[in-house]
Amino acid sequence: MNTDTPLSVLIVDDEPALGRAAARALRGRSIAVRVVEDPRGALEILAEQHFDLVLSDYQMPGLDGVRLLDEVRRRHPRVRRVLMSAAPPSDLDERLATGELEDFVAKPFACDMALRLGTLLSTHQQEQAVG
C-alpha cells in the first residue's frame with residue numbers, strides 16, 4: 001500500500017451540521033473526508049469507492065448506525081467502523097468487546113476525536129501495508 005495515499009473516512013450523519021463538524025475535525029490531517037446524510041446512500045457509495053473508516057451516527061431514520069456498521073462489516077470487512085452518538089446503544093461495551101464496533105465517539109465531539117481516529121487509521125494503514 002502506498003503510504004502517500006491519503007486515508008479516507010466516510011462520515012454518515014443525518015444532521016448535516018454535525019457531519020460537517022466531524023469532517024472539519026479530520027480535514028488537514030492527510031485524511032480525505034466525505035460526508036453523507038443517508039445511511040442507505042452510504043452503502044451505495046461504499047460499493048463504488050473505497051474508504052478506510054466509516055464514522056456513523058447512531059440514531060438515524062430508516063437504518064440506525066449499528067445496523068449500518070454491521071452491514072459495512074459484512075460487505076467490507078477491512079473497513080474500520082466507529083459509532084458516534086450522544087446516547088450510545090445499551091450494548092455498546094459488548095459490541096466493542098466482540099469487534100463489531102472498533103471505537104465509539106461521544107457527541108458533542110471531544111477534542112481528541114481526530115487524534116483517536118487518526119491513531120485507528122494509522123494502525124489500519126500499517127496492517128494494509130503488511131498484508
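Modeller: Let us begin with a term: a residue is buried when its relative accessible area is under 20%, exposed when over 50%, and partly exposed in between. Please keep in mind that this is a predicted model.

Colleague: Thanks! Which residues of helix H1 are buried?

Modeller: In H1, which spans residues 16-26, they are Gly19, Ala22, Ala23 and Leu26.

Colleague: What makes these buried residues line one face of the helix?

Modeller: Looking down the axis of H1, you find them within an arc of 100°, so they line one face.

Colleague: And where does H1 pack?

Modeller: On the sheet, where H1 touches strand S1 (7-12), S2 and S3, and its direction makes about 180° with that of S2. Helix H2 (residues 39-48) also packs on the sheet, touching S1, S2 and S3, with its direction at about 155° to that of S1.

Colleague: What is the strand order of that sheet?

Modeller: The 5 strands run S2-S1-S3-S4-S5 in an open sheet with parallel pairing.

Colleague: Why are S2 and S5 said to stand at the edges?

Modeller: Strand S2 (31-36) and strand S5 (103-106) each have a single partner strand, so one side of each lacks a neighbour in the sheet.

Colleague: How do you know that S3 and S4 pair?

Modeller: Pairing asks for at least two bridges between the strands. Strand S3 (residues 53-57) and strand S4 (residues 80-85) have 5 bridges, in the parallel sense, so they count as paired. One of the residues involved is Leu55, whose bridge partner in S4 is Val82.

Colleague: Now to the charges. Why is the contact of Arg95 with Asp70 called a salt bridge?

Modeller: The cut-off is a side-chain nitrogen of Lys or Arg within 4 Å of a carboxyl oxygen of Asp or Glu. For Arg95 and Asp70, the closest N and O atoms are 3.6 Å apart, so the pair qualifies. Arg95 sits in helix H4 (residues 92-98) and Asp70 in helix H3 (residues 65-75), 25 residues apart, so the pair links distant parts of the chain.

Colleague: Are Arg95 and Asp70 buried or partly exposed?

Modeller: Arg95 has 15% relative accessibility and therefore counts as buried, whereas Asp70, at 25%, counts as partly exposed.

Colleague: Which other residue forms a salt bridge with Arg95, at 3.0 Å?

Modeller: That is Asp91, which is partly exposed with a relative accessible area of 27%. Asp70, Asp91, Arg95 and Glu100 are linked in a network of salt bridges.

Technical notes:
Residues are numbered from 1 along each chain as its sequence is written. This is a predicted model: local features need pLDDT of at least 70, side-chain atom pairs count only at pLDDT 80 or more; totals for chains, interfaces and linings use all residues. Side-chain values use heavy atoms; hydrogens and water are left out. Buried means under 20% relative accessible area, exposed over 50%, partly exposed in between (1.4 Å probe, protein chains only). Helices (H or I, at least four residues) and strands (E, at least two) are DSSP runs, numbered from the N terminus. The arc is that of the directions from the helix axis to the C-beta atoms. Contact means heavy atoms within 4.5 Å. Axes are lines fitted to C-alpha atoms, for helices over the stretch in contact, and angles run from 0 to 180 degrees between N-to-C directions.
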